[in-house]
Amino acid sequence: MPIEQALDDLQAFLGERLSRSKPDLDAHAGSESYFPPIAPDAVAYPENTAEVSRIAQICHAHGVPLVGFGAGTSLEAQTQALRGGVSVDFTRMNRVTEIRPADMDVTVEPGVTREALNEELRATGLFFPVDPGANASIGGMAMTRASGTTTVRYGTMRSNVLALEAVLADGTVIRTGTRARKSSAGYDLTALLVGSEGTLALVTELTLRLHGIPESISAGICAFPDMGSAVTAVMETIQMGLPLARIEFACAATARAFNAYAGADMAEQPHLMVEFHGSPESTAQDAERFAEIVADHGASAFRWSSRTEERNALWAMRHNGYYAILASRPGARAVVTDICVPISELARAVEETQADIAASGISGPILGHVGDGNFHAILLLDPDKPSDLDEAKGISARMAERALRLGGTCTGEHGVGVGKKPFMEAEHGAAWTVMGMLKNALDPTGIMNPGKLVPGN
């Protein structure tokens with residue numbers, strides 16, 4: 001069989017770094033969300049670009065699927081081997097290869113995690129700002145065009161990836177982009193690959209934009225009588241040009257989960273959590289001005305601090321929101337979904353979603369990145385009740401349809417994978433067919449992460 005010949009050829013040069021053990025296959029079969037596990041036929045652990053190229057050449061010759069794997073934190077089954085094949089695990093390609101403080105950029109291998117990169121950068125006075133919450137790999141973050149809590153100030157991965165090295169389906173190694181801050185030289189292949197979810201190439205090196213660590217950081221929290229008031233306050237804050245570094249919201253049910261999980265003392269009301277970066281004077285002024293704005297919209301007293309331990313506690317609570325919500329219903333599984341809409345439509349989208357969840361019979365706390373119109377619903381279900389999963393999928397589908405109706409997107413940051421693929425034609429129309437044409441041009445045998453993102457795949 002072609003798969004057996006391919007695996008024999010891979011074993012010949014990878015040796016023990018091609019694994020077919022059940023624990024390894026199981027570790028690469030699962031998902032952070034509700035999707036059932038699907039294991040690959042083998043897991044490859046390359047250590048450099050040349051090895052990734054050789055893996056691709058062999059798999060291309062035998063028509064064997066290739067699926068890139070980073071930290072495995074994706075939420076739409078992007079790393080599952082739907083049609084078997086080889087999972088290419090980049091955890092051994094985890095080096096920070098060059099830091100250039102004068103140019104404020106860095107070159108890394110794809111297996112470097114976000115936290116490890118910032119630890120390496122700490123002595124330079126620079127940091128990499130994209131923060132999706134999970135300690136994801138940089139390669140995985142690029143492939144899903146990740147964003148997160150700091151997007152409102154620093155942008156998504158699309159804004160922070162300058163250049164890539166990538167291996168195409170047939171093993172060809174290409175470089176896209178340069179370290180220059182702008183270019184008008186041809187197609188932007190870097191932007192094409194960022195967000196492609198491994199359907200076009202396997203990325204083996206990334207050059208990233210860095211930012212200076214702020215002199216001062218302040219963060220705070222306040223409660224609102226309803227979500228509409230909170231979102232209106234955010235709209236006014238943004239329109240006034242107040243320089244927010246983070247602004248997150250949590251619904252009343254999420255606040256209740258935070259209290260139980262983290263020992264917080266939040267009122268069971270919608271909350272905003274914010275952060276400002278700048279000088280000591282500017283962050284204090286920004287916090288005071290924000291307090292005035294939110295007070296006009298019925299918020300409780302805005303509590304803020306520039307003390308590191310208090311800020312860290314606030315954001316640790318926010319980043320652990322998924323686990324806090326899961327813990328609020330022991331034994332539950334979650335369908336985690338996200339949409340993104342124009343800021344002016346955010347309150348309407350949240351309120352309609354809350355009403356839909358309330359009518360469903362399952363619980364679904366909401367939290368998200370209010371500064372860019374992106375929010376998440378964590379739909380909790382009994383794994384032994386198939387009707388719960390059907391209900392959750394229905395809510396998720398209606399959320400996506402609602403986002404499109406309001407001028408938004410079916411996924412703000414989770415990506416497409418399998419879960420959001422049914423909405424791609426409605427969102428993109430004929431442009432989705434063009435995506436399929438690009439896929440076919442770069443991967444004519446269809447081995448690169450098949451079954452994901454594009455039509456006819």
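Contact here means heavy atoms within 4.5 Å. The model is a predicted one, so to speak of local features takes a pLDDT of at least 70, side-chain atom pairs count only at pLDDT 80 or more, and totals for chains, interfaces and linings use all residues. Residues are numbered from 1 along each chain as its sequence is written, and side-chain values rest on heavy atoms, with hydrogens and water left out.

To start with the overall picture, the protein carries 17 helices and 18 strands, taken as DSSP runs (H or I of at least four residues for helices, E of at least two for strands) and numbered from the N terminus. Its C-alpha trace spans about 70 × 55 × 40 Å along the principal axes. Of the contacts with a separation of 6 or more, 71% join residues 24 or more positions apart.

Some 55% of the 457 residues count as buried, that is, under 20% relative accessible area, with exposed meaning over 50% and partly exposed in between (1.4 Å probe, protein chains only). In general, nonpolar side chains tend to be buried together in soluble globular proteins. The largest nonpolar core here has 44 residues, and F249, L272, F290 and F375 have the most contacts inside it; such a core is a set of buried Ala, Val, Leu, Ile, Met, Phe, Trp, Tyr and Cys residues joined through side-chain atoms within 4.5 Å. Elements giving two or more residues to this core include β13 (244-250), β14 (271-278), α11 (280-295) and β18 (374-381). As for F375, once neighbours within four places in sequence are set aside, its contacts include F249, I339, L346, V350, I366, L367 and M399. There is also a second, separate core of 27 residues, with F128, V130, A201 and L210 among them.

Two loop residues turn up with positive phi without being glycine. A77 has phi near 65° and sits in the loop between β3 (66-69) and β4 (86-89). At 2% relative accessibility, A77 counts as buried. R145, with a positive phi of about 50°, belongs to the loop between α5 (138-143) and α6 (151-154). Its relative accessibility is 35%, so R145 counts as partly exposed.
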